[in-house]
Amino acid sequence: MYRNTTCGELRLADAGKHVEIAGWVQKTRKMGGMTFVDVRDRYGLTQVVFDSENNPELFEAANKLGREYVVRISGKVEERTSKNNNIPTGEVEIIADGLKVLNKSKTPPFTIEDNTDGGDDLRMKYRYLDLRRPCVKKNLELRHRMAFEIRRYLDSKGFLEIETPILVKSTPEGARDFVVPSRMNPGEFYALPQSPQLFKQLLMVSGYDRYFQIAKCFRDEDLRADRQPEFTQIDCEMSFVEQEDVIDMFEGLVKHIFKYVKGIDFTEPFPRMTWNDAMRLYGSDKPDLRFGMEFVELTDLAKGHGFAVVDDAELTVGIVAKGCAGYSRKQIDELTEFVKRPQVGAKGLMWVKFEPDGSIKSSVGKFYTPEELQEWGKRAGAEAGDLMLVMSGDAMKTRKQLCELRLEMGNRLGLRDKNTFACLWIVDFPLFEWDEETQRYYAMHHPFTSPNPEDIPMLRTDTGNVRATAYDIVVNGTELGGGSIRIHDSELQNEMFELLGFTPEKAQEQFGFLMSAFQYGAPPHGGLALGFDRFVSILAGLDSIRDTIAFPKNNSGRDVMNESPSPIDQAQLDELELQLKAKSNDE
């Protein structure tokens with residue numbers, strides 16, 4: 001063995017022991033006749049002392065060590081004179097009597113420390129170095145512990161972990177598939193699974209009434225902080241259940257993991273909110289409830305005053321920022337520019353200040369009297385010292401724009417504390433969403449989501465208002481996961497396909513194996529999938545899921561470390577009987 005202890009293990013009780021450690025040189029400090037070397041491994045950091053008086057040859061060798069050299073050091077553990085309370089091993093040090101350089105290192109392109117001087121692009125290019133940083137290691141350790149505890153918990157509830165295929169049939173509903181050409185079947189393709197949806201339903205037909213899998217999923221979609229082209233979800237399905245059974249089971253899992261990781265004991269049931277209420281009050285189906293600022297509709301009070309922006313709008317709606325009447329013109333201009341950004345897409349912003357002295361100032365003061373603006377404030381619960389921010393336009397679009405402004409104000413006012421957790425369930429989603437471009441309905445979740453039993457008679461007559469038996473769990477404004485009760489009746493499933501524009505032939509082509517299985521006694525079933533990467537990032541207090549993944553992609557879906565995706569040899573293309581289309585000059 002190269003070592004008999006780790007760099008994070010030694011304590012004052014070990015003083016007097018002769019030990020051997022192995023690891024990487026974090027830093028060296030030369031102080032006269034002594035050189036101090038910090039050696040790091042996965043478990044921690046230990047200080048080693050080289051003394052020129054007692055061992056001049058070893059001292060000279062230590063002075064030649066560079067950052068990230070791999071070393072093996074032996075020596076005696078002694079109590080430190082100057083202790084370091086910031087690290088667990090800070091009360092002791094090793095007085096070296098042996099040193100072997102196992103491997104030299106080039107000077108790394110950034111410092112291997114929590115507060116590194118490397119930017120995101122550089123860290124991703126040298127991800128194998130970035131993974132040495134303690135803060136990144138801590139995230140991966142958390143991921144490991146959570147995976148084990150999730151498995152333990154679900155096993156205790158009677159779930160079986162069953163793997164499902166990675167090479168599957170392409171079913172291009174929802175996000176775009178990643179496709180894989182088949183050499184043995186030229187001209188035909190597999191897809192990588194967007195989720196194990198069809199297979200877990202087949203497992204319910206097969207009688208495995210409690211299934212789970214910590215599953216890799218793949219979606220070829222535009223990326224953002226909480227998305228990667230390949231991601232991991234805690235995928236679960238249950239038979240002979242209704243919505244309440246699924247919600248109760250997985251609320252229990254989420255509460256258990258919060259208690260296990262953070263020591264937080266949620267004793268009350270998570271609140272429920274309908275999709276309609278979430279959109280009406282927060283403009284989002286994943287509202288952040290760590291702070292208030294609920295939307296207040298002002299359409300009836302605002303219309304009819306000769307202000308075309310409002311008079312021509314479908315909706316006028318506002319929020320109240322408590323204690324912000326002192327915002328300067330510059331600060332309000334910054335908010336106006338924020339909502340005009342392409343990511344938000346608003347044309348402008350109205351504001352009303354309810355001054356501490358009782359007076360009112362507003363950007364729309366020439367259209368409304370102070371008394372009329374006071375009515376706006378009264379409806380919204382505004383008080384002296386508050387600032388009201390108001391937007392007008394198309395109802396759904398305006399709500400989403402105001403949602404972005406609400407979150408921005410939450411950030412500016414420090415109301416989105418990462419150590420505070422607000423969990424809730426969103427229920428009663430619409431079953432369908434209408435697409436103007438294609439003039440057809442699409443499934444808001446997927447084609448196998450069961451309609452609310454009360455709404456089944458409305459499928460043909462009032463399609464857009466049919467509710468789904470679907471549910472999402474939201475934590476701090478992030479969709480942690482979601483699921484639904486599935487359709488298990490072949491006739492209802494066929495009707496769903498028809499409403500979604502599938503011909504019988506197309507439905508058979510894409511989902512024939514599932515429809516065939518349903519004819520052999522499919523039980524009522526439902527399930528849920530939790531975003532594992534997102535769950536880890538929330539509990540780790542991260543803004544992005546990227547640092548919960550060992551080797552992530554960047555926002556262009558590229559791995560800049562191994563330079564993928566990349567072209568393949570012509571020989572491989574020939575073997576697959578594929579020909580690349582030449583790019584036109586316009587491309």
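Accessible areas here come from the Shrake-Rupley method with a 1.4 Å probe, and for residues only the protein chains shown count as cover. By that method the chain has an accessible surface of about 30000 Å², and 48% of this surface belongs to carbon and sulfur atoms.

Before I go on, two remarks on the source. This is a predicted model, where local features need pLDDT of at least 70 and side-chain atom pairs count only at pLDDT 80 or more, while totals for chains, interfaces and linings use all residues. Residues are numbered from 1 along each chain as its sequence is written, and side-chain values use heavy atoms, with hydrogens and water left out.

Now the chain as a whole. It holds 16 helices and 22 strands. These are DSSP runs, numbered from the N terminus: helices are H or I with at least four residues, strands are E with at least two. The C-alpha trace spans about 90 × 75 × 60 Å along its principal axes. Of the 587 residues, 48% count as buried. Buried means under 20% relative accessible area, exposed means over 50%, and partly exposed is in between, with a 1.4 Å probe and protein chains only.

A contact is a pair with heavy atoms within 4.5 Å. Among contacts in the chain with a separation of 6 or more, 66% are between residues 24 or more positions apart.

Next, charge. There are 75 positive and 94 negative side chains, and the centres of the two sets lie 6 Å apart. Lys and Arg count as positive, Asp and Glu as negative, and His and the chain ends are not counted. Each charge is placed at NZ of Lys, CZ of Arg, CG of Asp or CD of Glu.

On to the rings. How many aromatic pairs does a search of the whole structure find? It finds 16. One of them is Trp425 with Tyr471: the ring centres are 6.3 Å apart and the planes meet at 75°, so the pair is edge-to-face. The rule is that rings of Phe, Tyr and Trp (its six-membered ring) pair if their centres lie within 6.5 Å; planes under 30 degrees apart are stacked, over 60 edge-to-face, and the rest tilted. This pair links distant parts of the chain, with Trp425 in strand S17 (residues 423-427) and Tyr471 in strand S20 (residues 470-475), 46 residues apart. Both Trp425 and Tyr471 are buried. Elsewhere, ring pairs join Phe258, Phe266, Phe270, Phe421 and Phe535 into a cluster.

Charges can also sit over rings, which here requires NZ of Lys or CZ of Arg within 6 Å of the ring centre and within 35 degrees of the ring normal. Lys353 lies over the face of Trp351, 5.6 Å from the ring centre. Arg406 has its charged end over the ring of Phe291, 4.0 Å from the centre.

Let us look at one helix, H7, residues 275-282. Which of its residues are buried? Trp275, Ala278, Met279, Leu281 and Tyr282 are. The cover over these buried residues includes strand S11 (272-274), helix H12 (395-412) and S17. Just after H7, Gly283 has a positive phi of about 70°.

Strand S11 also contains Thr274. At 25% relative accessibility, Thr274 is partly exposed. Leaving out residues up to four places away in sequence, Thr274 touches Ile426, Val427 and Asp428. Asp428 is in the loop between S17 and strand S18 (432-435). Asp428 is not a glycine, yet it has a positive phi of about 60°. Its relative accessible area is 23%, so Asp428 is partly exposed.

Is Phe338 buried or exposed? Its relative accessibility is 11%, so Phe338 counts as buried. Beyond residues up to four places away in sequence, Phe338 touches Val344, Glu404, Leu405 and Glu408.

Last, the end of the chain. Pro565 lies in the loop between helix H15 (532-540) and H16. The peptide bond from Ser564 to Pro565 is cis, with omega near 0°. The segment after H16 includes Glu577, which has a positive phi of about 60° although it is not a glycine. Glu577 is exposed because its relative accessible area is 57%. Lys581 lies in the segment after helix H16 (570-575) too. Its relative accessibility is 76%, so Lys581 is exposed. From Lys581 to Ile332, 249 residues apart along the chain, the C-alpha atoms are separated by 51 Å.
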